[in-house]
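Hi,

Here is the structure I promised to pass on.

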Amino acid sequence: VHIISQRRVRNEEVKGITQDPPCPPKWINCWMITGRQRVAKFKEEAENEVLLHIFVARLPNVLTDLVITFNQATAVDKSSSSADAEVNELAEWGEEIIELLAQSLRISHWNLFGETQGGELAANP
């Protein structure tokens, strides 16, 4: 995978994760990453070009990384089984989708991840 862009996400952008966490919000690190790769489907010879959009939220107090991925086809080989698929070549389109997904994410019950480290808040990593 060739990394195209990466940026740290501000807490204000993902309030559903950083609002009322069982740790100081500054402990939570969120990132948006976009990479490009060529992949074949179903063991085919033909490779398609895909943008991989990734949102990562590092949640050290519950020893968890929350990851959301979104694949965006940007070029499909004529001999691929997906040759008739629609593609969107604009990276910004996929980046907007992953941002909307991250912004809409809410952690309502932190116990979803089990107990925090040692039953208490984890020490600042």
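**What I found**

Among contacts in the chain between residues at least 6 apart in sequence, 55% join residues at least 24 apart. Keep in mind that this is a predicted model.

Confidence is highest in strand 2 (residues 29–39), with a mean of 95, and lowest in helix 1 (residues 15–18), at 87. Please be careful with residues 118–125, where pLDDT stays under 50. The model has eleven contacts beyond four places in sequence for that stretch.

Now the overall layout. You'll find two helices and four strands in the chain, and from the N terminus on they run β-α-β-β-β-α. The chain is more spread out than a compact globule, because its radius of gyration is 18 Å, well over the 14 Å that the globule rule gives for 125 residues. Taken along the principal axes, the C-alpha atoms fill a box of roughly 55 × 30 × 25 Å. Buried residues make up 35% of the 125 residues. The accessible surface comes to about 8,000 Å², and 50% of that belongs to carbon and sulfur atoms.

Next, the aromatic rings. How many aromatic pairs does a search of the whole structure find? It finds two. One is F70 with W93, a tilted pair with 5.9 Å from centre to centre and 50 degrees between the planes. This pair links distant parts of the chain: F70 sits in strand 4 and W93 in helix 2 (residues 91–104), 23 residues apart. W93 counts as partly exposed, because its relative accessibility is 40%.

W110 and F113 also pair up: their ring centres are 6.0 Å apart and their planes are at 50 degrees, so this pair is tilted. Is W110 buried or exposed? W110 counts as buried, at 11% relative accessibility. F113 has a relative accessible area of 21%, so F113 is partly exposed.

Finally, take a look at T64, which lies in strand 4 (residues 64–75). Why does T64 count as buried? Because its relative accessibility is 19%, and buried means under 20%. The T64 side chain reaches the backbone oxygen of V62 at 2.9 Å. Leaving aside neighbours within four places in sequence, T64 is in contact with A57, R58, L59 and F113. That last one is the F113 that pairs with W110.

Cheers

Terms used. Residues are numbered from 1 along each chain as its sequence is written. This is a predicted model: local features need pLDDT of at least 70, side-chain atom pairs count only at pLDDT 80 or more; totals for chains, interfaces and linings use all residues. Side-chain values use heavy atoms; hydrogens and water are left out. Buried means under 20% relative accessible area, exposed over 50%, partly exposed in between (1.4 Å probe, protein chains only). A polar contact is a pair of N or O atoms within 3.5 Å; within protein, one must be able to donate a hydrogen and the other to accept it, and residues adjacent in sequence count only if both atoms are side-chain atoms. Contact means heavy atoms within 4.5 Å. pLDDT is the predictor's confidence in each residue, from 0 to 100. Rings of Phe, Tyr and Trp (its six-membered ring) pair if their centres lie within 6.5 Å; planes under 30 degrees apart count as stacked, over 60 as edge-to-face and the rest as tilted. The radius of gyration is taken over C-alpha atoms; the globule rule is 2.2 Å times the number of residues to the power 0.38. Accessible areas come from the Shrake-Rupley method with a 1.4 Å probe; for residues, only the protein chains shown count as cover.
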